Amino acid sequence: MSIYDTLNEQQKRGVFAVDGPVLLLAGAGSGKTRVLTHRIAYLIDEIGVSPYHIMAITFTNKAAGEMRERVDSIIGHGANQVWVSTFHAACVRILRRYIDRIGFDNNFTIYDMDDQKTVMKDVCKRLQIDTKMLKERAILSAISSAKDELISPQDYQIQAMGDFHGERIARAYVEYQETLRKSNALDFDDLIVKTVELFKTCPEVLAGYQDRFRYLMVDEYQDTNTVQFEFIRLLADKYRNLCVVGDDDQSIYKFRGANIRNILDFEEVYPEATVIKLEQNYRSTQNVLDAANAVIKNNRGRKEKALWTDKGEGNKVHFRQFDTAYEEAEFIAGDVGSKKRRGIADYGDFAVLYRTNAQARMLEERFILEGIPYDVVGGTNFYARREIKDILAYLKTVDNGRDDVAVKRIINIPKRGIGATTITRVQEYADERNISFYDALREADQIMTIGRSAGKLAPFVTMIQGFRSKLEYYGLEGLIKDIIETTGYVKELEASGEEDAEDRIHNIDELISKVVAYEETHEEAGLSGFLEEVALVADIDRIEGESSRVLLMTLHSAKGLEFPYVYLAGMEDGVFPGYMAITSDDREDIEEERRLAYVGITRAKEDLTLTCAKQRMVRGETQYNAVSRFVEEIPAELLDQKVPSLKKWNYVDYDEGSEEKLRFRAKPFGMDQTERGDAGGDFRGNASVNGGADSYQRIFHKKQTDSARHKPRATAVPKRTPAENRPFIAGGGAGSLKSVNGLSKGAPEAEAVNYGVGDRVRHIKYGEGTVMKLEKGPRDYQVTVVFDGAGQKIMYAAFAKLKKL
DNA sequence: CGTACTAGTCTTTTT
DNA sequence: GACTAGTACG
């Protein structure tokens with residue numbers, strides 16, 4: 001009896017075919033991770049390959065972590081020698097060793113999107129590019145696409161000749177790269193581009209890695225882009241033992257440069273490739289699988305596969321249409337709550353998936369109201385929050401003084417009376433001498449143009465130097481605490497009276513815990529290492545394996561995950577498929593959305609619910625949407641409820657003002673019956689008959705008026721998500737839920753509290769509850785209260801304003 | 001130099 | 001609706 005006996009025939013072929021290139025076409029839920037892990041075990045145990053010679057690339061750190069765990073448990077010894085990581089992490093690791101050969105310091109910083117935007121703004125100013133005509137965002141995305149395609153600034157310039165916009169972008173691209181180089185910084189795309197560049201300019205480095213990684217495996221291969229493909233192609237070139245695993249039906253990252261041709265043309269690049277299809281689905285019931293297959297078969301140009309399952313038929317797919325998005329959220333939260341109460345499922349068994357992050361808000365409100373624990377994945381990354389970025393900028397400045405973006409961010413935070421003019425002068429001085437901004441600061445007294453302000457700069461430099469010299473002996477934890485203490489950052493926050501100051505302080509405490517945890521888990525815990533980890537984590541990476549919370553996330557984030565109960569919310573034309581895809585004349589765009597639908601449906605193991613609303617607010621406008629075409633593509637016999645005919649839908653008249661936007665105006669619900677009659681006819685029909693620009697009629701808009709009353713009642717909705725409801729995974733809407741009662745303004749004081757454990761107290765939003773715990777924190781008392789309605793909350797006493805009853 | 005208010009933009013989706 | 005950049009004023 002061997003570990004391989006549990007695999008099916010196709011899976012076994014995948015495990016045993018270790019020589020040469022292999023293309024594993026793995027349908028959703030077909031056990032591809034099992035194949036990969038068993039394959040690694042087989043290589044080590046049966047073929048005698050050293051773990052040292054194996055590399056597996058995944059898309060997220062979470063996936064990497066899971067694979068690592070499974071490999072560990074199968075083979076035990078030496079497993080840690082296998083490189084299991086994401087493209088980005090692997091590249092960083094390589095660049096940290098060798099990037100000095102292509103003109104960077106090995107302690108380079110990694111710029112996130114925010115930093116990129118800051119740099120680009122600066123670049124546009126220098127090049128006098130009118131950002132009204134050509135937005136920074138657009139330039140950055142053009143540059144990003146160029147990098148995905150391995151097009152250098154020089155290539156870009158040549159290609160762009162004669163094109164007005166193109167030439168500007170090209171110049172910006174050149175300048176941008178130059179700025180990054182001066183700052184000793186790389187952006188996300190550079191991590192891979194520079195690694196490829198390194199391999200091409202330093203054959204001896206490449207040869208070393210080629211010899212090391214004799215067996216390569218790449219997961220989620222359908223989502224690789226051209227640079228990433230080049231990276232693995234180079235690595236695999238010597239031994240050609242490259243095994244790629246993917247599913248063309250799950251390719252959903254075209255916007256990020258993912259090249260679906262990488263998987264479709266694999267056999268052309270590697271004619272000797274073995275192709276294996278995994279077609280047995282171990283995840284979903286027949287009904288779910290049939291629904292998924294019915295939808296995806298509307299796409300052209302896919303590799304034909306026949307997914308099957310021996311699980312039973314299962315429940316029908318549920319479908320519900322509601323009048324408003326509010327009612328939709330109410331239903332989902334209610335349904336989850338009732339299943340939990342009836343003991344059918346635990347909170348951790350549910351996921352709610354949606355197309356855009358913005359949709360999370362309304363769901364959150366309802367979940368809070370129902371007292372259902374949940375986590376939101378995605379939205380604004382924890383590390384992208386203002387206060388976190390500020391503290392990180394201090395860390396970056398200490399780590400790499402050449403990181404101009406970081407230095408400029410904190411030079412006047414907290415306020416030191418250093419303004420825009422001073423900063424400009426210093427920058428001019430730095431430019432003249434071709435030194436970094438920070439180095440210019442050190443010579444502040446030499447800068448004639450800034451006059452008295454020079455005196456304000458010296459203490460800043462002294463402070464940073466102080467941090468640097470002390471870092472040696474007090475470590476990362478000491479450093480971060482020193483920074484907060486010396487700058488008075490938290491004190492400033494407390495005094496600011498900002499509404500979300502409490503949240504921010506919480507987040508900073510969370511960051512400190514992160515630092516401590518990092519130091520505990522890493523033997524040589526360095527500043528660069530910590531910053532790197534911070535830069536490379538995705539939101540999804542932070543979900544714990546066994547959580548007992550409902551997960552809310554986008555369809556994109558859900559890829560690779562599975563849940564017994566799945567809700568797909570917002571199944572409306574205009575939301576999903578999105579407005580952009582519908583209006584696009586590239587058929588590929590709708591097909592990509594359809595693949596996204598396929599991904600969403602196939603996340604469900606037992607039970608799938610599709611919901612939509614007739615009316616929903618999007619960006620302050622009320623939209624009237626028809627049921628998603630993807631729902632209509634599912635045969636009626638698989639659904640538990642009929643999909644309403646489009647004929648019910650009606651518009652009232654043209655909105656002259658927005659005619660050019662190709663939108664119709666409709667009357668909101670609540671109008672009298674005659675107006676809600678069937679004046680409009682079948683919009684699908686209109687859409688196809690008219691064709692062209694006029695055909696876009698399935699989305700209706702109306703300026704918000706009376707629909708506001710559909711918003712949740714103010715009283716019970718907390719302004720932000722309670723801290724314990726969202727550990728710091730949560731980005732999304734934290735702090736953005738509409739404030740109703742609002743916390744009273746003014747600086748809270750850490751005064752003594754007049755209540756104790758066991759006392760009954762009243763909170764302005766949560767109502768009455770009992771104090772469970774009272775802890776003296778670093779700055780303030782932390783009070784744990786179990787509220788009668790809202791459940792347990794942990795809060796700072798100064799902010800909570802609890803009244804003893 | 002700092003603050004408070006206003007007007008414009010925005011959204012797909014993420015390593 | 002929400003966030004941000006830009007502007008006018010103290």
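The structure is a predicted model, in which local features need pLDDT of at least 70, side-chain atom pairs count only at pLDDT 80 or more, and totals for chains, interfaces and linings use all residues. Residues are numbered from 1 along each chain as its sequence is written, chains are lettered from A and ligands numbered from 1 in the order in which they are written, and side-chain values use heavy atoms, with hydrogens and water left out.

A residue is near a strand if one of its heavy atoms lies within 4 Å of it. Around DNA strand B there are 24 residues, of which R256, R355, T421, T422 and M580 come nearest. This surface comprises six nonpolar, eleven polar and seven charged residues; here Ala, Val, Leu, Ile, Met, Phe, Trp, Tyr, Cys and Pro count as nonpolar, Asp, Glu, Lys and Arg as charged, and the others, Gly among them, as polar. Among the atoms of DNA strand B within 4 Å of the protein, 65% are part of sugar or phosphate, and the rest are part of bases.

The side chain of T422 has an N or O atom 2.7 Å from a phosphate oxygen of DNA strand B, and a polar backbone atom of G419 is 3.1 Å from a phosphate oxygen.

A disulfide is a covalent bond between the sulfur atoms of two cysteines. The cut-off is a pair of cysteine sulfur atoms within 2.5 Å, and the whole structure contains zero disulfides. For C202, the nearest cysteine sulfur, that of C91, is 15 Å away.

Conventions: Polar contact = N/O pair within 3.5 Å; in protein donor to acceptor, adjacent residues only side chain to side chain.
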